[in-house]
Amino acid sequence: MVKLILRDQEYDVRPGMTLLDALKKNNILPEGVLCTRNGELITEDEVVKEGDVIKLIAVISGG
Amino acid sequence: MRQHKLALCKEHFLEWVPEQTERFIEKYKMFTRSEKILIAVSGGKDSLSLWDIIYSLGYQADGLYICLGIDEGLGYSSESQRLTEKFAAQRGLKLHIVDIQKEYGATVPQFSQKSHRGRVKPCSVCGLVKRHVMNRVTRDLGYEVLLTGHNLDDEAAVLFGNTLAWTGEYLLRQGPVLPGVPGFARKAKPLFRIYEREMLAYALLSGIEYIYDECPFAIGSTSIYYKQLLNRLENDRPGAKQSFYLSFLEARKSGLFADRNSLQAELHPCPNCGQPTSATGLCSFCRMISR
């Protein structure tokens, strides 16, 4: 499985889909996050692979 | 970046953001390289990135950090100050620090408790304090322009709120440059056409250490709610936020709104601090700290 982590929420998705599809499946607005894997920024057209841990960083900040 | 119909690698993206910023500085006549610039920095991704960009473009710019005394068990202010100081020290940049508690006797949450403005959340008091201090320091230390890190998402959200409420005075004033008038320093927002998502990418790719946690009082705020709504629109219509804001500026320039002077309140210097105010007697800030 592939893990998406946004703040303290974790989402599991099947490998083999694009990050864009993975976000949409979990009702996460692509416009609202940037995605990193192993500390590197990745784009939404990346195909997620088995064992990937994708950290999502919320774009909107307040303060 | 669907909004620009553009896809860039890391190297070219990190060139593109400063190039665009420089383009907007020139297009909107914000400031020149010979002017003394002060940047309001909070430790967040936008203001630190702005300082990084301005520095890399060769402008002489110092920073101003205002310690608001927001802790809420998270050490928010102390952590944001630490990151700002680290950023400045790494680049050999000059940073002015104003500690609200030391200077005025209370933190922003404490002022909020005492005043009518912030019985529930201190956001209104926070804005009042920041504007007052930014203006005071800019004027007193002889800076010619104050920069803030407001990005396109910030501007579009404010415009959205002002449009929902049809607050004419704010709609007339909102823009990338606020010209200086007696008592008020010139203010500019060089990042105003850059998307917040692009600024986050810039900070991450540049390796800028910024405060990731948002202000604890920002949770549930109207501005964040508006940003989320606009993001949903942007998701379906790439470029919508940019079009919304830029079309507003064009419409105002073309005379869509009433004459500014008919809506502007008369200003006079506050008898205590000297900053312009429309209030009779003391300005809002001096009234608040005198309680």
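**A working chat on chains A and B**

Modeller: To begin with one residue of this predicted model, B:Glu79 has its place in helix H3 (residues 76-91) of chain B.

Biologist: Is B:Glu79 buried, partly exposed or exposed?

Modeller: B:Glu79 is partly exposed, because 15 other C-beta atoms lie within 10 Å, and a residue counts as buried only when that number is 20 or more.

Biologist: Let us turn to chain A. What does its secondary structure come to?

Modeller: Chain A has one helix and five strands. Along the sequence the pattern reads β-β-α-β-β-β.

Biologist: How does the radius of gyration of chain A stand against the globule rule?

Modeller: The radius of gyration of chain A is 11 Å, close to the 11 Å that the rule gives for 63 residues, so chain A is as compact as a globular protein of that length. Along the principal axes, its C-alpha atoms fill a box of roughly 35 × 25 × 20 Å.

Biologist: And what share of chain A counts as buried?

Modeller: Of its 63 residues, 30% count as buried. As for contacts in chain A between residues at least 6 apart in sequence, 55% join residues at least 24 apart.

Biologist: In what order do the strands of the sheet lie?

Modeller: The order is S2-S1-S5-S3-S4 in chain A, in an open sheet of five strands with mixed pairing. Strand S2 (9-13) and strand S4 (40-42) of chain A are the edge strands, each pairing on one side only. From one strand to the next, the twist averages 35°.

Biologist: In which sense do S1 and S5 of chain A pair, parallel or antiparallel?

Modeller: Strand S1 (residues 2-6) and strand S5 (residues 53-58) of chain A pair in the parallel sense, over four bridges. Within this pair, A:Leu6 stands opposite A:Leu56 in S5(A).

Biologist: What about S3(A) and S5(A), then?

Modeller: S3(A) and S5(A) run antiparallel and are joined by five bridges. A:Val33 stands opposite A:Ala58 in S5(A).

Biologist: And how many bridges join S3(A) to S4(A)?

Modeller: Three bridges join them, and these strands also run antiparallel. A:Arg37 has A:Glu40 in S4(A) as its bridge partner. S3(A) and S4(A) form a hairpin with two residues between them, and A:Asn38 in the turn has a positive phi of about 55°.

Biologist: Now the interface. How many residues of chain B are in contact with chain A?

Modeller: There are 21 residues of chain B in contact with 12 residues of chain A. On the side of chain B that touches chain A, H9 and helix H10 (222-236) of chain B each supply at least two residues. H10(B) gives the most to that side, with eight residues.

Biologist: One more helix. What distance does H6(B) reach from its first C-alpha to its last?

Modeller: Helix H6 (residues 123-140) of chain B has 18 residues and reaches 25 Å, close to the 26 Å expected at 1.5 Å a residue. Just after H6(B), B:Gly142 takes a positive phi of about 75°.

Biologist: Which residues of H6(B) are buried, and what covers them?

Modeller: Among the buried residues are B:Cys123, B:Val125, B:His132 and B:Thr138. The elements covering the buried residues of H6(B) include strand S1 (37-40), strand S2 (61-67), helix H4 (100-104), helix H5 (108-114), strand S4 (145-147) and helix H13 (284-290) of chain B.

Key:
Residues are numbered from 1 along each chain as its sequence is written. Chains are lettered from A and ligands numbered from 1 in the order in which they are written. This is a predicted model: local features need pLDDT of at least 70, side-chain atom pairs count only at pLDDT 80 or more; totals for chains, interfaces and linings use all residues. Two strands pair if DSSP finds at least two bridges between them. Axes are lines fitted to C-alpha atoms, for helices over the stretch in contact, and angles run from 0 to 180 degrees between N-to-C directions. Two residues are in contact if their C-beta atoms, placed from the backbone, lie within 7 Å. The expected span of a helix is 1.5 Å times one less than its number of residues. A residue is buried if 20 or more other C-beta atoms lie within 10 Å of its own, exposed if 12 or fewer, and partly exposed in between; C-beta atoms are placed from the backbone. The radius of gyration is taken over C-alpha atoms; the globule rule is 2.2 Å times the number of residues to the power 0.38.
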